[in-house]
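Good morning, and thank you for coming.

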Amino acid sequence: MTSFTVVQSSFSGSDPLRVLREVFGYDHFRGPQEAIVQHVIAGGSGLVLMPTGGGKSLCYQVPALCREGLAVVVSPLIALMDDQVQSMRQAGVRAAALHSGLAAEASSALWRSLLRDELDLLYVSPERLLNGGLLERLQERPLALFAIDEAHCVSQWGHDFRPEYLQLEALALRLPQVPRLALTATADPRTRSEIIERLALEQGRVFLASFDRPNIRYLLRPKLEAKEQLLAFLEEFRGEAGIVYARSRSRVDRFAALLQASGHDAVAYHAGMDAGQRSSALSRFRNDSGVVVVATIAFGMGIDKPDVRFVAHLDLPKSLEAYYQETGRGGRDGLPATAWMVHGPGDVTQLRRFIEDSDAEAAQKRIEHGKLDALLGFTETPGCRRQVLLAHLGETLAEPCGNCDRCLEPQVLEDRTVAAQKALSAVFRTGQRFGAAHLTDVLLGADTARVRSLGHQDLSVYGIGKELAREQWRTLLRQLTSQGWLEPVPDGRGGLRWGEEARVRALLRGELTLELPATPASQERRPAIAAAAGAEAEAEPELVAALKKWRREQAREQGVPPYVVFHDRTLVELAARRPAQLNDLAQVSGIGAAKLERYGEAVLAVIQGWGAQT
Ligand code: ADP
Ligand code: ZN
């Protein structure tokens, strides 16, 4: 790819909405995009916090075209850059990437275009930008903006710290007049303030979008027979791309083999494989349709494939943040996607043991146990999953979401009055100051040093709860806390005390009964078509398939991933509207001027050909 045979950029100074329509083929900006774009066009800097799939790229791509000069996009991964460059070129934008994977010839062609100001967008890694004189040469040219993608990589606190990102501090010092837009999907406040400090964005604006991903359906199941459960779940998704996460390498290998044996196009991915095997698995996932990757969490950043239809967890993730990140890789194109997980008390015991057996300091272990508790608050909530998830990310969702197992599947309630009475008595008799671990020891009659030193083996409640297992007591204590029967002692050390006393006493006297959700039955349902995919209902599946086939051929010829040609969403809309002329085609979301010119006739031919057959 050495030539830049794309249309001359002529958008400098033009209206962003016109650019959005003509280049990207979209009718409206989404959420805060418009405000961000206006701010940057006016020369402002800032930080954009938006969930995966929220549409961060347009926030700098549109101003890049509207503003005079070259826009420089800093990105940490070659695969991400190449993807973006291919997509941009398909849209008729003069884009290129400068990285170590570039052949000498391509690299000199790129330099020539740079010096002639013939590029709109340059993707580059931070080390390439700041070492070897590139920034000095760019300084002499007109620059539209710097976009710093995956900006959380600058944070030492965050999970993806990359030392080379620290060098980006130089941008503010050396080119303070060029707008800097940092973008990330990590919402954590501490990471946020570190980005602002390191990239000197104190004078800039912060744009915070909602982290809700309404098109993702959360379905949690009790772990019974994980193998059969997974196979049953995957039946709904034959031929679709997805990710299956498992905790260990050996489980990954085993489940990948299981899926292959059941006729799924599955590949394994984990850190124990060599680099060649890993990159071939990744490229199959990206370039072929309907590939399922079975992976450990090593499969992560840089997965920007838009049409991942499901993310399945065979084991609990490490934390609720990790779960949000991992499931967020589904449905980036806005079409329905399912986040499915099986979980059971065994996982919890194992994770607690990992924490206890690690070499971490006591304070760190407490943090880890706290993260696990937050995760359990999610897996055990009797209410809407999304409400718990968003609350954890600091957002409030006023109404239950209607798109999780709790909202979709009416629950079976069980009378748990007796167990609750025992737990509340144990809290009272031990003095309303102990946490769940010790209370459980007392209920189970455990012979621990702590029990003995406190003399709790002599209490009337000692050993009265042997009919339940340890994790069941922990679950019940959490449920009682979430419903206000118990409340945390305010000193923050994890102790529990009674909630409203009159109500608790009424329950103890048996004047009130308590019903709590039973373990939900394991059953799968066909995911209903979410509102986000209104078009899907009207799209003819055979026509979608024909369009996908055409797209696959195009992609293969050009050596690009299929979604670079058109997103699924665009194909679905085409199959619903079935346009007959170029004019109608231009109305379809995701078809800008360049794609209309390049593919318009061919797409109409596919639609006509399909119509002739039916
Ligand atoms: P992010 O980088 O935030 O994860 P992307 O920039 O890749 O997300 O955008 C996600 C998807 O949403 C892409 O398919 C993109 O084309 C689409 N998209 C973004 N903005 C709009 C918009 N205003 N209208 C329609 N689709 C959009
Ligand atoms: Zn819900």
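This is a predicted model: local features need pLDDT of at least 70, side-chain atom pairs count only at pLDDT 80 or more; totals for chains, interfaces and linings use all residues.

How much area do domain 1 and domain 4 bury between them? They bury about 1000 Å², 43% of it on carbon and sulfur atoms; buried area here is the accessible area (1.4 Å probe) that two parts lose on being put together, summed over both.

Side-chain values use heavy atoms, without hydrogens and water, residues are numbered from 1 along each chain as written, and chains are lettered from A and ligands numbered from 1 in written order.

The domain bounds, from an automatic or database assignment, are 16-208 for domain 1, 216-339 + 390-395 for domain 2, 414-520 for domain 3 and 523-613 for domain 4. To the contact, meaning heavy atoms within 4.5 Å, domain 1 gives 14 residues and domain 4 gives 19 residues. Across this interface there are 5 residue pairs in polar contact, both residues at pLDDT 80 or more.

I turn now to the metal. The zinc ion (ligand 2) is coordinated by the SG atoms of Cys384, Cys401, Cys404 and Cys407, at 2.3 to 2.4 Å. The spacing of these donor residues in sequence is C-x16-C-x2-C-x2-C. Cys404 is buried, at 0% relative accessibility, whereas Cys401 is partly exposed, at 24%; buried means under 20% relative accessible area, exposed over 50%, and partly exposed in between (1.4 Å probe, protein chains only).

Key. Donors are N, O and S atoms within 2.8 Å of the metal (3.2 Å for Na, K and Ca); water is not among the atoms, so sites may look incomplete. A polar contact is a pair of N or O atoms within 3.5 Å; within protein, one must be able to donate a hydrogen and the other to accept it, and residues adjacent in sequence count only if both atoms are side-chain atoms.
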